[in-house]
Amino acid sequence: MRLFSGTTYLVTALLLAVLAVSPAGKSEAIDRAELANVMQTIPPNGAFWKYGTLEMRRKTKKAGVTSVIFPHWSHRARYTCRVCHQDLGFSMRSGDTGITRSQNVSGKYCGVCHNGVTAFSVKDGRVRHCDKCHTKDTKALEQLFESFSSDLPFASFGNGIDWSAAIKAGKIAPLNSLNTGLPILPLPDKLKVPMKLGTSAARSDVIFSHEDHYFELDCSACHPDIFNIKKKGTKAFNMENNIYGNYCGACHMRVAFPMNDCKRCHPQMGGSYTP
Ligand code: HEC
Ligand code: HEC
Ligand code: HEC
Ligand code: HEC
Ligand code: HEC
Ligand code: HEC
């Protein structure tokens, strides 16, 4: 059973104290009360298995069938984000794709893999797997998560799994393409150097690594919709907007490790925050 580790429960006061120590030569930290207000808006993490697990009901609701439960954690262990969000055309906005039963049955979207060969089929027949996706009772899925996650490196938030470490340690090896053998283009050398995100915000010590992300995502996942390609060109790029699910938060509040895990993005910060 994965539970939150007690050490990650840092009190706000401690966190803010860490932030308030202003190194010489740097601009002042943002107002404490203001920052505290921003941090209060971080939603609670919830159960690890639920993070990134979507309830899809745009079509099912109208059709009067049980909504679909889609777990990112099990799928991202098998495939990189690129496979679904670039190659297969799934939107990164919940409900946006508008997947229908007839598309699935004709081999689009879920049906690309859920064809009875790669994974259990969406089709009707002698053996029906409808309730594996149209799931009323999630007990089996929760149990699957327990065994799935038990051997993976721990992180305090999100799925309770350090996904980057899991890949580096070879514990999971997500496929980068359904046409195995098709290599992805190499990352241009210029982008191999991690870049310091220099916004006007105080305490902006955030380092962004293109290389860390390129393993999972193509350029078009971020440019130009989420980030302007010109360095420092992204407007109103601050923590508040991140927490509301913009910018880094487009992934790092929903599927990738969430904003609570301060020090993974702000290496100079002491810890983490749980509301
Ligand atoms: C691999 C997962 C999966 C399986 C298996 C599956 N479905 Fe679905 N089904 C979906 C998804 C995803 C949607 C769209 C959900 C949404 O956004 O509301 C959907 C939608 C539907 C809808 C809504 C109406 C429509 O036109 O889209 C019906 C009805 C439906 N499925 C019936 C079935 C039946 C019957 C079976 C079994 C024979 C089945 N499904 C198996 C994933 C699946
Ligand atoms: C097997 C396919 C698959 C893989 C792999 C996958 N996703 Fe998704 N993702 C989906 C589907 C399906 C949706 C829902 C789309 C819809 O509702 O229109 C989704 C939705 C999302 C959303 C919106 C969630 C929300 O709560 O609003 C984000 C963000 C996202 N994915 C990020 C990622 C990232 C990052 C990765 C890689 C670590 C990834 N996905 C891997 C299929 C996948
Ligand atoms: C890129 C391939 C791929 C796509 C696209 C895909 N799946 Fe899967 N899915 C798999 C594989 C592989 C398995 C595990 C094999 C099996 O159980 O037959 C799986 C298993 C599942 C499971 C069982 C739990 C688990 O992870 O073992 C559910 C539920 C599921 N998929 C739902 C969906 C839904 C809903 C969609 C579309 C929104 C979808 N999948 C799209 C490959 C995919
Ligand atoms: C996960 C998101 C993400 C992905 C994927 C991504 N980028 Fe970026 N990129 C960023 C961010 C964030 C910045 C900085 C934006 C800012 O400072 O406003 C940036 C900046 C850049 C810059 C400006 C660099 C500089 O030093 O001025 C270039 C060029 C660039 N990206 C090219 C690419 C290319 C080419 C790819 C695909 C190989 C790619 N990016 C993939 C997030 C991403
Ligand atoms: C399009 C989705 C997406 C966006 C946007 C995005 N990331 Fe990520 N990021 C990921 C995924 C997926 C991982 C893999 C780890 C995980 O899922 O928890 C990751 C990993 C990381 C890591 C961890 C690397 C490691 O080895 O531990 C850092 C740090 C990071 N991102 C920072 C950022 C920052 C800062 C931004 C905004 C400038 C950003 N990311 C924007 C998807 C995204
Ligand atoms: C996924 C990466 C990521 C995580 C996790 C993260 N931040 Fe940020 N943070 C950013 C980015 C990006 C910026 C804005 C860009 C910059 O200032 O360089 C930022 C800016 C800030 C700022 C400057 C003021 C502002 O509003 O822009 C503060 C203070 C801050 N973060 C605190 C935190 C705290 C506290 C946590 C943990 C609760 C945290 N951050 C977690 C990426 C992250």
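# Two ligand shells and the protein around them

Of the 21 residues around ligand 3, Ser74, Cys110, Cys113, Ala119 and Phe120 come nearest, where a residue counts as near if its C-beta atom, placed from the backbone, lies within 6 Å of the molecule. The elements that give two or more residues to this shell around ligand 3 are β2 (68–71), α4, α5, α7 (110–113) and α8 (130–133); helices (H or I, at least four residues) and strands (E, at least two) are DSSP runs numbered from the N terminus. This is a predicted model, in which local features need pLDDT of at least 70 and side-chain atom pairs count only at pLDDT 80 or more, while totals for chains, interfaces and linings use all residues. Residues are numbered from 1 along each chain as its sequence is written, and chains are lettered from A and ligands numbered from 1 in the order in which they are written.

**Ligand shells**

- The shell around ligand 3 divides into 15 nonpolar, four polar and two charged residues, with Ala, Val, Leu, Ile, Met, Phe, Trp, Tyr, Cys and Pro taken as nonpolar, Asp, Glu, Lys and Arg as charged, and the others, Gly among them, as polar.
- Around ligand 2 there are 25 residues, of which His75, Cys81, Cys84, Ser94 and Thr97 come nearest.
- Two or more residues of the shell around ligand 2 come from each of β1 (53–56), α4 (72–78), α5 (81–87) and α13 (249–252).
- With four residues, α5 gives the most to the shell around ligand 2.
- The classes in the shell around ligand 2 are 13 nonpolar, seven polar and five charged residues.
- Domain 1 (6–46 + 183–265) and domain 2 (48–149) each supply at least three residues to the shell around ligand 2; the domain bounds come from an automatic or database domain assignment.

**Overall fold and confidence**

- The protein has 14 helices and four strands.
- Of its 275 residues, 21% count as buried, that is, with 20 or more other C-beta atoms within 10 Å of their own; 12 or fewer makes a residue exposed, and anything in between partly exposed, with C-beta atoms placed from the backbone.
- Among contacts in the protein with a separation of 6 or more, 51% join residues 24 or more positions apart; two residues are in contact if their C-beta atoms, placed from the backbone, lie within 7 Å.
- The mean pLDDT of the protein is 84, and 81% of its residues reach 70 or more, pLDDT being the predictor's confidence in each residue, from 0 to 100.
- Residues 3–28 have a pLDDT below 50, and beyond near neighbours in sequence this stretch has 28 contacts in the model.

**Nonpolar cores**

- The largest nonpolar core has ten residues: Leu152, Ala155, Phe157, Ile161, Trp163, Ala166, Cys251, Val255, Ala256 and Phe257. Such a core is a set of buried Ala, Val, Leu, Ile, Met, Phe, Trp, Tyr and Cys residues joined through C-beta atoms within 7 Å.
- Another core, of five residues, lies apart from the largest one and includes Phe48, Tyr51, Trp73 and Phe145.

**Backbone exceptions**

- Most residues other than glycine have a negative phi, and most peptide bonds are trans.
- The peptide bond from histidine 223 to proline 224 is cis, with omega near 0 degrees, and proline 224 lies in the loop between α11 (210–214) and α12 (239–243).
- Tyrosine 109, in the loop between α6 (101–105) and α7, has a positive phi near 45 degrees. Tyrosine 109 counts as partly exposed because it has 19 C-beta neighbours inside 10 Å.
- Tyrosine 247, in the loop between α12 and α13, has a positive phi of about 50 degrees. Tyrosine 247 has 20 C-beta neighbours inside 10 Å and therefore counts as buried.

**Individual positions**

- Phenylalanine 208 is in strand β4 (residues 207–208) and is partly exposed, with 15 C-beta neighbours inside 10 Å. Leaving out residues up to four places away in sequence, phenylalanine 208 touches Pro194, Met195 and Leu197.
- Leucine 187 lies in the loop between α10 (163–168) and β3 (195–196) and is partly exposed, with 14 other C-beta atoms within 10 Å. Leaving out residues up to four places away in sequence, leucine 187 touches Lys192, His210, Glu211 and Tyr214.
- Aspartate 137, in the loop between α8 and α9 (139–149), is exposed because it has 10 C-beta neighbours inside 10 Å. The C-alpha atoms of aspartate 137 and isoleucine 69 are separated by 9.9 Å, and the two residues are 68 residues apart along the chain.
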